[in-house]
Amino acid sequence: MASKINRPLWMGRPRWYTRLAKAIALTIVVGLVVFPFWTIVATSVASPNEVIENGGWVVWPTTLDFSAYTSIFKGDVITRALLISAGVTILGTATSLVATIALAYALARPGVFGGKPVLLLVLFTFLFPPAMIPSFLVVKELGLLNSFPALVLPVLINVFNLVIMRGFFQGVPTELIEAARLDGAGEFRILTRVVLPLSKSIVAVVGLFYAVSYWNAFFNAVLYMDAYNYPVQAVLRQYVTQGASLTDIGNAEASILNSPQSVKMAVVVIATLPIILVYPFVQRFFVKGVLTGAIKS
Amino acid sequence: MTVTAATPGESPASPAAASDGAPPGGPQAKGRRKPKPKRSRAQRLRRDLFLIGLMLPGVIYFVVFHYGALFGNMIAFKDYVTFIGVWDSAWVGVDNFTVLLADPDFWNAAGNTVTIAVLQLAFFFPAPLALALLLNSLVGDKIRRFVQSVVYLPHFISWVIVVALFNQVLGDVGVLNGILDDNGLSTIDIIGNADAYKPLVIAQVIWKEAGWGTIIFLAALANVDEQLYEASAIDGAGWWRRLWHVTLPAIRPVIVLLLILRLGDILTVGFEQFFLQRDTVGPEVGEVLDTFIYWSGIQDGHFGVAAAAGLMKGVLGVALIYAANKISHRLGEQGVYR
């Protein structure tokens, strides 16, 4: 049994031409999504000569050649950018998660002291998201320009994620919390031993939302950081979409060794890879998370 | 899925702690549902110290980075000079707004923004709905799930990479033009061509977000009453009539809701996408409000004028949401809020 078919009785068997039209439409949709990824991977692993001969792109490489990747990791620009990206993503996600869990949990408890004003304070920011110029000035006045906290602190808590998480915490049965309290557990133990173990799925969803947004962020780096401290997405912008050559950003050996195109595509692949790797495992959690959030907001 | 209303006024004030002593404040009803003895303010404060501690980092974050930025909008009324600072720069009243409104570049950016927003509404907004209807018509679970996984993926890809992908496929040394050239056909100038810029950015946003946008429509489609389909099928309604008389009316509230949200956000067409590609076609075609704010503020140093543009955009955005919501109530729909 390859696939579960659940066609309701009232729906007749579709005609062959309907089925054909649907199959063609779906193939086109899937092809449009997959093909660009395919061609960047193919170009990145093709031999530099082949890429040049073919005019900058390859769909089906005749030989596999990973020199583009080795040259990237030989130079220090991309390596450094990747380390920065990884560091910001890991530390940022952890910090954001802790702050979000803490605030969401406190706001989910009924009748907490100061809960209502704080909730209003938070929800009001939905109406006026911080604008670019004032945010820049805040970061500047705090002396955070060109420091890594500037990539994390201004986006520490996402209101959407906070609302999803608070909603989930509110669903934890009060009886469990009461029972733990009767057993002598303090607030901290209740949070870490009772509530969080029940909330693994939502913590995973929100954590991944944060991780993806930290990994993909580039504009905050352009705004706040010097080029030397750019994460990989910002570096990618410099020479994939702005056409700066690798020499411009100080990676001379790579540009000599390789046709820039295969190296560029290799950088694109590397910057996409973490997302593609985790995506199959977390996709359904994302969908669940976005639906919960959509219904609530 | 836990669905509980997140309205702030609703949380019943039930003092959950059982560990501390009897309340001296007298048995006074608080909260609508569970009348429980009210504790004094000081007692609640002492009881909730830990929870307040949990709230603190988040509250500081919102106060500093959200309300600080909100407050920072005051430089829209100041002649901000970098080395003098936000506080000590001189007040200039509405001068920045006068300068802004007299600036043809600003109106050009506003015009581009609205044009692109209208194009998005016409071509990007229906795309997820169409795709969702197609996906919803699939009866094989496996194929459906596979297609869903594929079309959700671009949502998680950063704009930098999306632009790089489009350049690689559609650029003048890209795959499309390569294939055209190899077959002796004339090549098409897409990337960097001012005339093709608007269709290109619409195509990009459809490619990136249409699949993800199906989620909410698919959820709505799954909730359509099966009996309606059955009854209409028995009455002889074909595929088209079922779509027109059953499916679309059933998911109308969702469509209207998303339309309102989009209308309220019409001055925002997506910053990163335009920031990345503005220079390929130049500001005349490629400038939108958000990029205008960046280039005039951060790049050219006209902080006051740029902040004025941002403030106007924010206030107009709130007004638009309010108006769109009012209209939807007039039309007898639920809207975003009551």
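For chain A the mean pLDDT is 83, and 86% of the residues in that chain reach 70 or more. Within chain A, confidence is highest in helix α4 (residues 76–108), at a mean of 93, and lowest in helix α13 (residues 252–257), at 41. Over residues 244–259 of chain A the pLDDT is below 50, although this stretch has 39 contacts in the model beyond near neighbours in sequence. Where pLDDT is low, the predicted coordinates should not be read in detail.

Now to the overall build of chain A. Chain A has 14 helices and zero strands, and, of its 297 residues, 42% count as buried. If we take the contacts in chain A with a separation of 6 or more, 71% of them are accounted for by residues 24 or more positions apart.

The next topic is the contact between the chains, which takes 94 residues from chain A and 89 residues from chain B. On the side of chain B that touches chain A, helix α2 (residues 49–72) of chain B gives the most, with 17 residues. Sorted by class, that side of chain B has 61 nonpolar, 21 polar and seven charged residues.

Which residues of α9(A) are buried? They are A:E187, A:I190 and A:L191, and, seen down the axis of α9(A), the buried residues fall within an arc of 95°, so they line one face of the helix. An α-helix has 3.6 residues a turn, so residues three or four places apart point the same way. On the other side of α9(A), the exposed residues are A:F188, A:T192, A:R193 and A:P197. The cover over the buried residues of α9(A) includes α4 and α8 (174–182) of chain A, together with α2 of chain B.

The phi of A:N146 is near 55°, a positive value in a residue other than glycine, whereas most residues other than glycine have a negative phi. Is A:N146 buried, exposed or partly exposed? With 13 other C-beta atoms within 10 Å, A:N146 is partly exposed.

Key
Residues are numbered from 1 along each chain as its sequence is written. Chains are lettered from A and ligands numbered from 1 in the order in which they are written. This is a predicted model: local features need pLDDT of at least 70, side-chain atom pairs count only at pLDDT 80 or more; totals for chains, interfaces and linings use all residues. pLDDT is the predictor's confidence in each residue, from 0 to 100. Helices (H or I, at least four residues) and strands (E, at least two) are DSSP runs, numbered from the N terminus. Two residues are in contact if their C-beta atoms, placed from the backbone, lie within 7 Å. Ala, Val, Leu, Ile, Met, Phe, Trp, Tyr, Cys and Pro count as nonpolar, Asp, Glu, Lys and Arg as charged, and the others, Gly among them, as polar. A residue is buried if 20 or more other C-beta atoms lie within 10 Å of its own, exposed if 12 or fewer, and partly exposed in between; C-beta atoms are placed from the backbone. The arc is that of the directions from the helix axis to the C-beta atoms.
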